[in-house]
Amino acid sequence: MKKKLYRTSSPEETKAVAAALAARTRPGSVYALHGDLGAGKTVFASGFAHALGITEPVSSPTFTIVQEYPFEKGIFFHLDLYRIDSPDAALAFGIDEFLYAADGVALIEWPERIQGLFPPHTVYVDIRRGETEEERVITVEQPD
Ligand SMILES: Nc1ncnc2c1ncn2[C@@H]1O[C@H](COP(=O)(O)OP(=O)(O)OP(=O)(O)O)[C@@H](O)[C@H]1O
Ligand SMILES: [Mg+2]
């Protein structure tokens, strides 16, 4: 397991961290994005999508659960599981289709809702508030 830590002081810097990860993404990649309300998960997703070449604005998919954005190498799935209350509900919703899509890249907000369902190659990202309004501490754990 490789673990990296970043400190950012603006939404733009958080997007840059996401962009660096996106540059190394492959079809089938899965990202579990942990963090409290307002931590910056959607900001991170937006920077990630932009780096994949997606020009559509990325907003919170809370009410739709998943938004799909086609890009050059496949489909980017942005999921927000805030309103899903159990792994069973996620399975009924069809979560497997997104976690195990061969040509998909999935980024999941509120991954704690489906603990235990993630594939072994999942990259875990955690965003926390720092000491000032715009500081964030981001950890990225990647399997070897
Ligand atoms: N360093 C930073 N990185 C990311 N966002 C920041 C930073 N500093 C301030 N912000 C602000 O924090 C907010 C993060 O909102 P965002 O919607 O990304 O949170 P979220 O984690 O997706 O929340 P939710 O759980 O409600 O979906 C934005 O208003 C953004 O401008
Ligand atoms: Mg969000």
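This is a predicted model: local features need pLDDT of at least 70, side-chain atom pairs count only at pLDDT 80 or more; totals for chains, interfaces and linings use all residues.

Trainee: How many residues surround ligand 1, and which are the closest?

Mentor: There are 18 around ligand 1, and the closest are Thr 14, Gly 40, Lys 41, Thr 42 and Glu 134. Helix H1 (11-22) and helix H2 (41-51) are the elements that give two or more residues to that shell.

Trainee: Okay, and how do I describe a pair of helices?

Mentor: For two packed helices, you quote the angle between their axes and the distance between the axes. Here H1 and H2 pack at about 50 degrees, with their axes 7 Å apart. That's why H1 and H2 count as oblique to each other. Among the residues making the contact are Thr 14 and Leu 21 of H1, and Phe 44 and Phe 48 of H2. By class, the contact of H1 with H2 has ten nonpolar, four polar and one charged.

Trainee: Which hand does the crossing of H1 and H2 have, left or right?

Mentor: Right-handed.

Trainee: And the sheet?

Mentor: Strands of a sheet pair through backbone hydrogen bonds, either parallel or antiparallel. This one is open, with seven strands in the order E1-E7-E6-E2-E5-E4-E3 and mixed pairing. Strand E1 (2-8) and strand E3 (66-71) are its edges, each pairing on one side only.

Trainee: In what sense do E2 and E6 pair?

Mentor: Strand E2 (residues 30-34) and strand E6 (residues 123-129) are parallel, over four bridges. Leu 33, for one, has Val 125 in E6 as its bridge partner. H2 packs on the sheet too, and its direction makes about 165 degrees with that of E5.

Technical notes
Residues are numbered from 1 along each chain as its sequence is written. Chains are lettered from A and ligands numbered from 1 in the order in which they are written. A residue is near a molecule or strand if its C-beta atom, placed from the backbone, lies within 6 Å of it. Axes are lines fitted to C-alpha atoms, for helices over the stretch in contact, and angles run from 0 to 180 degrees between N-to-C directions. Angles under 35 degrees count as roughly parallel, over 145 as roughly antiparallel, 65 to 115 as roughly perpendicular and the rest as oblique. A crossing is left-handed if the near helix is turned anticlockwise from the far one by less than a right angle, and right-handed if clockwise. Two residues are in contact if their C-beta atoms, placed from the backbone, lie within 7 Å. Ala, Val, Leu, Ile, Met, Phe, Trp, Tyr, Cys and Pro count as nonpolar, Asp, Glu, Lys and Arg as charged, and the others, Gly among them, as polar. Two strands pair if DSSP finds at least two bridges between them.
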